[in-house]
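Q: I'd like a close look at one part of this protein, please. Take it slowly, and spell out the cut-offs as you go.

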Amino acid sequence: MTLLDKDGVHLAVDDSVATVTLTNPDKRNAQSPATWRALTEAGRALPGSVRVVVLRAQGKSFSAGLDRQAFTPEGFDGEPSFPELARRSDAELDAAIAGYQEAFTWWRRPDLVSVAAVQGHAIGAGFQLALACDLRVCADDAQFAMRETSLGLVPDLTGTHPLVSLVGYGRALEICLTGRFVHAEEAERIGLANLVVPAAELDAAARDLTAALLAAPRDAVIETKALLCGAGERTYEEQRAAERAAQARRLRDLTGVAE
């Protein structure tokens, strides 16, 4: 069932699985503020039955990043250009960027598991969109690059936190400051990619992972995700306590014993 099809973003839902597809292959799925609004809308449109969201893209590239038209004086029709945004007050500029970030934040909702299926180029905003997801399955031709710093900007679409969490500060700094490509083999080795497969097998690999994610009961998945998401901010003893509390909730739920 199609719930959204606009501005290069298509959302379809089949029971517990939602598929978000970037549908502008002629421009290598380059992103614009309209893309980000559509992605935000896709997140808001998900029915409560959805447990897994798969993010994929048409064509040879996952996403070549920000459409460079944003930097031109005319920008996009009906949109403020980046030069125009730069002339606004600090509060207005902060609000605009926060609005863009909403397209990248909902993928890690506690009640969902999101999987990015990445082929070809994932550059800048494309890299950050892949990082927004919980898991990444990559074709063997995938290439990640964070080019914002090379353009005099910073990565501002929520990608810095997951990047550091996945690969560590030193490697994240090197990737961002050099803007170099991280190819699929290296991505898997350093923890950016959970799995690398031949390009022809990408969709099948994403389906297999989705089926595996759906095999466990939903409540157990939600509790486990919450435990792991918070582990980095807790001490060892705090994590032990969180595990005990979560397990108590699960045992009572499974046995029908009220708290």
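Which element gives the largest share of the lining of the largest pocket, and how many residues does the share hold?

A: The largest share comes from α9, with five residues. Before we dig in, a word on ground rules. This is a predicted model, where local features need pLDDT of at least 70 and side-chain atom pairs count only at pLDDT 80 or more, while totals for chains, interfaces and linings use all residues. Residues are numbered from 1 along each chain as its sequence is written, and side-chain values use heavy atoms, with hydrogens and water left out.

Helix α9 covers residues 218-231 (helices are DSSP runs of H or I with at least four residues, strands are runs of E with at least two, numbered from the N terminus). The largest pocket has a volume of about 760 Å³. A pocket here is an open set of points on a 1 Å grid where a 1.4 Å probe fits, with protein on both sides within 12 Å along at least five of seven lines, and lining residues have an atom within 4 Å of a point. The volume is the space filled by probe spheres set on those points.

In total, 23 residues line this pocket, and R108, D134, S165, L228 and C229 are the closest to its centre. Sort the lining by class and you get 10 nonpolar, eight polar and five charged residues (Ala, Val, Leu, Ile, Met, Phe, Trp, Tyr, Cys and Pro count as nonpolar, Asp, Glu, Lys and Arg as charged, the others, Gly among them, as polar).

Now for α9's helix partner. Helix α10, residues 236-255, packs with α9 at an angle of about 175°, the axes being 10 Å apart. That makes the two helices roughly antiparallel, the label for angles over 145 degrees; axes are lines fitted to C-alpha atoms over the stretch in contact, and angles run from 0 to 180 degrees between N-to-C directions.

Who touches whom? From α9 come D219, A220, E223, L227, G230 and A231, and they meet Q239, A242, E243, A246, R249, R250 and D253 of α10 (contact means heavy atoms within 4.5 Å). By class, the residues of this contact split into five nonpolar, two polar and six charged.

So much for α9: a helix with five residues in the lining of the largest pocket, and one that packs with α10.

Methods
Angles under 35 degrees count as roughly parallel, over 145 as roughly antiparallel, 65 to 115 as roughly perpendicular and the rest as oblique.
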